[in-house]
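Good morning, colleagues. Please have the sequence and the model open before you as I go through a few features of this structure.

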Amino acid sequence: RRERIRRRHESSTFRLRVPLSSDMLSLSKHMRYAAAAYGLIGMGNCWSRYGKGQVPWMCDEDVIQDLTGLNRSDIICINPGEGIYQPAHFVAIDHKDKEVIVAIRGTMSIQDVLVDLVCQNENFTSVLEDEEDEMVVEGKAHEGFLKSAQRLAGKLHEPVVEALSNNPEYRLVVVGHSLGAGVATLLTLLWARIPVFRARDIHGYSYASPCCVCESISQAPFTRRHVTSVVFGDDLVSRLSLATFRELQRDIANISIKNNESSNQTTDADDEEKLYCAGKVWWLESNEYKPHPIVEIDPVEDLHHIELFSDMLTTHLPWAYLDALEKLDTHSDSGTENPI
């Protein structure tokens with residue numbers, strides 16, 4: 001961390017990018033949808049853990065209504081999850097902001113844990129730039145998230161197309177937190193190649209996103225146009241992939257053994273391509289960029305290996321993201337670039 005800070009201060013070309021207030025309002029709003037996907041059990045536990053008193057909800061619909069401000073009639077469907085590679089989700093229509101929203105839940109069940117653990121790299125084809133003459137980019141994606149996104153893409157295609165047809169001026173938004181964020185990223189990239197969805201300015205908002213795509217896809221112009229990710233503080237999950245975990249194992253072993261032979265050993269981590277969160281990535285309340293509360297980063301530069309901190313797990317919780325985003329001052333329109 002100290003080395004990264006030193007390099008930025010010594011660089012004459014580095015410019016710090018901060019979001020506009022309109023962007024902040026959008027990030028905060030869509031996090032509420034991502035949190036609502038956890039339903040009564042997930043958000044009820046968070047409510048109790050944060051000392052909010054008696055849980056005010058009786059069912060999943062109550063949670064969605066309270067967190068998003070929707071009417072119950074605006075909720076098209078709620079699915080509690082149907083097994084492995086089929087995460088819980090809901091689809092709703094936000095008439096105020098003219099959006100059809102697909103919200104995907106993060107890890108809560110044994111099946112979700114299994115999806116997280118299917119973390120080998122799988123071949124994935126995306127698009128380099130958003131043009132009529134598509135130039136594809138071949139890369140890698142998290143296998144479990146990709147399989148989940150592919151299943152949701154088929155399952156939700158018809159109801160989402162119908163919702164868009166009934167609301168011709170609305171755009172399509174996909175949101176998620178944690179596992180839901182990884183699936184939301186890949187579902188957005190899959191659907192963005194379909195003309196009916198691309199024409200509706202499809203966009204994915206991924207909060208506490210796990211590492212889900214390789215470098216070439218993570219920061220491709222097509223990905224940056226269609227996906228926005230948010231990382232809070234020292235959240236471990238946005239640094240965690242099979243490659244970075246094996247890299248950490250190797251580093252710990254080398255420190256323990258303390259001899260040159262072990263430090264020169266190679267492991268599978270050297271052959272495994274690293275994965276990253278994707279698109280335009282906002283880092284919220286990072287100690288590296290104080291006093292700026294939120295800045296845009298390149299995950300390849302800033303989140304390329306696991307770093308251990310005391311709050312690396314607590315910062316991952318959905319309520320932590322909700323609180324942090326809503327505490328930010330959204331009234332200042334300070335532009336998009338400032339020197340550090």
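Predicted model: local features only at pLDDT ≥ 70, side-chain atom pairs only at ≥ 80, totals over all residues.

Lys29 has a relative accessibility of 17% and therefore counts as buried, since the cut-off for that class is under 20%. What does Lys29 form with Glu99? The two make a salt bridge, with their closest N and O atoms 2.7 Å apart. Lys29 belongs to helix α2, residues 21–36, while Glu99 belongs to strand β3, residues 99–104, so this pair ties together parts that are 70 residues apart in sequence. Glu99 is also buried, because its relative accessibility is 4%.

Let us stay with Glu99 for a moment. Its side chain meets that of Arg171 in a salt bridge as well, at 3.0 Å from N to O. Arg171 lies in strand β6, residues 171–177, and Glu99 in strand β3, so here the parts tied together are 72 residues apart in sequence. Both Glu99 and Arg171 are buried. Through shared partners, salt bridges join Lys29, Asp94, Asp97, Glu99 and Arg171 into one network.

Across the whole structure, a search finds 13 salt bridges. One of them is formed by Arg32 and Glu326, whose closest N and O atoms are 2.1 Å apart. This pair links distant parts of the chain: Arg32 is in helix α2 and Glu326 in helix α14, residues 318–327, at a separation of 294 residues. Are these two buried or partly exposed? Arg32 counts as partly exposed, because its relative accessibility is 23%. Glu326, at 41%, likewise counts as partly exposed.

I turn next to helix α7. This helix covers residues 179–191, which makes 13 residues, and spans 18 Å from its first C-alpha to its last, close to the 18 Å expected. Helix α7 is mostly covered, with 12 of its 13 residues buried. Among the buried residues are Leu179, Val183, Leu186 and Trp191.

Finally, the surface. Which residues form a negative patch there? They are Glu215, Glu273, Asp298 and Glu301. Glu215 is found in helix α9, residues 215–218, and counts as partly exposed because its relative accessibility is 44%. A nonpolar surface patch of about 450 Å² is made by Ile84, Ile110, Val113, Leu114 and Leu117.

Thank you for your attention.

Methods:
Residues numbered from 1 in each chain as written. Heavy atoms only, no water. Patch = residues over 30% accessible without salt bridge, like charges linked within 9 Å, V, L, I, M, F, W, Y side chains within 5 Å. Areas by Shrake-Rupley, 256 points an atom, 1.4 Å probe, with all protein chains shown as cover. Salt bridge = Lys/Arg side-chain N within 4 Å of Asp/Glu carboxyl O. Lys, Arg positive; Asp, Glu negative; His and termini not counted. Charge placed at Lys NZ, Arg CZ, Asp CG, Glu CD. Helix = DSSP H or I, 4+ residues; strand = E, 2+ residues; numbered from the N terminus. Buried < 20%, exposed > 50% of the residue type's maximum accessible area, 1.4 Å probe, protein only. Expected span 1.5 Å × (residues − 1).
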